[in-house]
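I opened this structure for a slow look around and kept a notebook as I went. Come along and read it beside the model.

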Amino acid sequence: MSRTPGGLADAVVHLDTVHKVYGGGKNKVAALDGVSIDLPRGTFTAVMGPSGSGKSTFLHCAAGLDRPTSGSVRLDGVDLSGLKEKELTKLRRERVGFVFQAFNLMPALNVRDNVTLPLRLAGSRPKASEVDEVIERVGLASRQKHRPGELSGGQQQRVAIARALVTRPAVVFGDEPTGALDTRTAREVLGLLREAVQWAGQTIVMVTHDPVAAAHADRTLFLADGRIVDALERPTADMVAERMTHLGAWAEERTAHDRQYGATR
Ligand SMILES: Nc1ncnc2c1ncn2[C@@H]1O[C@H](COP(=O)(O)OP(=O)(O)OP(=O)(O)O)[C@@H](O)[C@H]1O
């Protein structure tokens, strides 16, 4: 892939020296400490790291849900730092899809209406054939008139995935999308995400604690103390778990050290 001075030519998400600092004085926390990364179009990236390493902060800054303290984020070619709140909301609505651990469906709406909601909110009229296709893809064609309360957890997450994909976003961000699912259902949902990368060239970025989930991605990034400290291409779950064990032990040592000597990371 060709590189430009600003990063990869076809990076959907580009972070350049992103810092995110919370609090001040003794309570200051550097949740992100100079993160630079390109996430290429049509790829599936998993983000892992010990608790408190900055995964959610990374996702929020990359998705334009939160603003970095310094550094820049470019999403689908747009520099987010230049955008006003309203413009940012519009960009998220049009170019970003989200899948959360809690499915966040509207309980009063049926499957089809939940799926088409983002399109309607953006003021565009859903094209029936495209909606049919995405609902078919996630295996819910026979459940379109059901409400979320009548569906299993896995089916509800499929609705959320269809809702995220229907706008054909530049990137889908997943925050522990399989965190609330049993192992078998989680695998099915991950298979669907993987398929979306394959059949639609979808770009996906997913925060997860689960090495098996990370093994579905093309690349796994490892965060520790707000920095990307490692990356694995097409790793197995065992490789990811092993890397996490090292990072976990390292994080524990850091915590013990901080308790003894204090820290303002
Ligand atoms: N709003 C906030 N105010 C102050 N500190 C915050 C805030 N949000 C996050 N932090 C701190 O920033 C650091 C990174 O938090 P973040 O939630 O990004 O980590 P994480 O890797 O997603 O953790 P987990 O796996 O436990 O969800 C932590 O030390 C956290 O306490």
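This is a predicted model: local features need pLDDT of at least 70, side-chain atom pairs count only at pLDDT 80 or more; totals for chains, interfaces and linings use all residues.

**Entry 1: the ligand shell.** I started with the residues of the shell around the ligand, which divide into 3 nonpolar, 8 polar and 1 charged. For these classes I took Ala, Val, Leu, Ile, Met, Phe, Trp, Tyr, Cys and Pro as nonpolar, Asp, Glu, Lys and Arg as charged, and the others, Gly among them, as polar. Residues are numbered from 1 along each chain as its sequence is written.

Which residues surround the ligand? I listed Y22, G23, V29, A31, G49, S51, G52, S53, G54, K55, S56 and T57. Helix α1 gives the most, with 3 residues. Helices (H or I, at least four residues) and strands (E, at least two) are DSSP runs, numbered from the N terminus.

**Entry 2: an open sheet.** Next I followed β4 into its sheet, where 4 strands lie in the order β4-β3-β6-β7 with antiparallel pairing. I count two strands as paired if DSSP finds at least two bridges between them. The edge strands are β4 and β7 (78-79), each pairing on one side only. Inside the sheet, β3 (residues 11-22) and β6 (residues 70-75) run antiparallel and are joined by 5 bridges. I found H19 opposite S70 in β6.

**Entry 3: strand β5.** Is β5 (residues 44-48) mostly covered or uncovered? I noted that 5 of its 5 residues are buried, so it is mostly covered, where buried means 20 or more other C-beta atoms within 10 Å of the residue's own, exposed means 12 or fewer, and partly exposed lies in between. In a regular strand the side chains alternate between the two faces of the sheet. On one side of β5 I saw F44, A46 and M48, on the other T45 and V47, and all are buried.

Strand β5 pairs with β10 (residues 204-207) in the parallel sense over 4 bridges, and V47 has V207 as its bridge partner there. With β11 (residues 219-224), β5 also runs parallel, joined by 4 bridges. A46 stands opposite T220 in β11.

**Entry 4: helix α3 and its partners.** Two packed helices are described by the angle between their axes and the distance between the axes. Axes here are lines fitted to C-alpha atoms, for helices over the stretch in contact, with angles from 0 to 180 degrees between N-to-C directions. The axes of α3 (residues 111-121) and α4 (residues 128-137) come within 11 Å and cross at roughly 115°. V111, R112, V115 and T116 in α3 meet V131, V134 and I135 in α4, a contact being C-beta atoms, placed from the backbone, within 7 Å. These residues divide into 5 nonpolar, 1 polar and 1 charged.

For α3 and α5 (residues 153-165), the axes come within 7 Å and cross at roughly 35°. Here V111, N114, V115, L117 and P118 in α3 meet V159, A162 and R163 in α5. By class, I have 6 nonpolar, 1 polar and 1 charged residues.

**Entry 5: R163.** Why does R163 count as buried? Because it has 26 C-beta neighbours inside 10 Å. Its C-alpha atom is separated by 9.3 Å from that of L105, 58 residues apart along the chain.

Conventions
Two residues are in contact if their C-beta atoms, placed from the backbone, lie within 7 Å. A residue is near a molecule or strand if its C-beta atom, placed from the backbone, lies within 6 Å of it.
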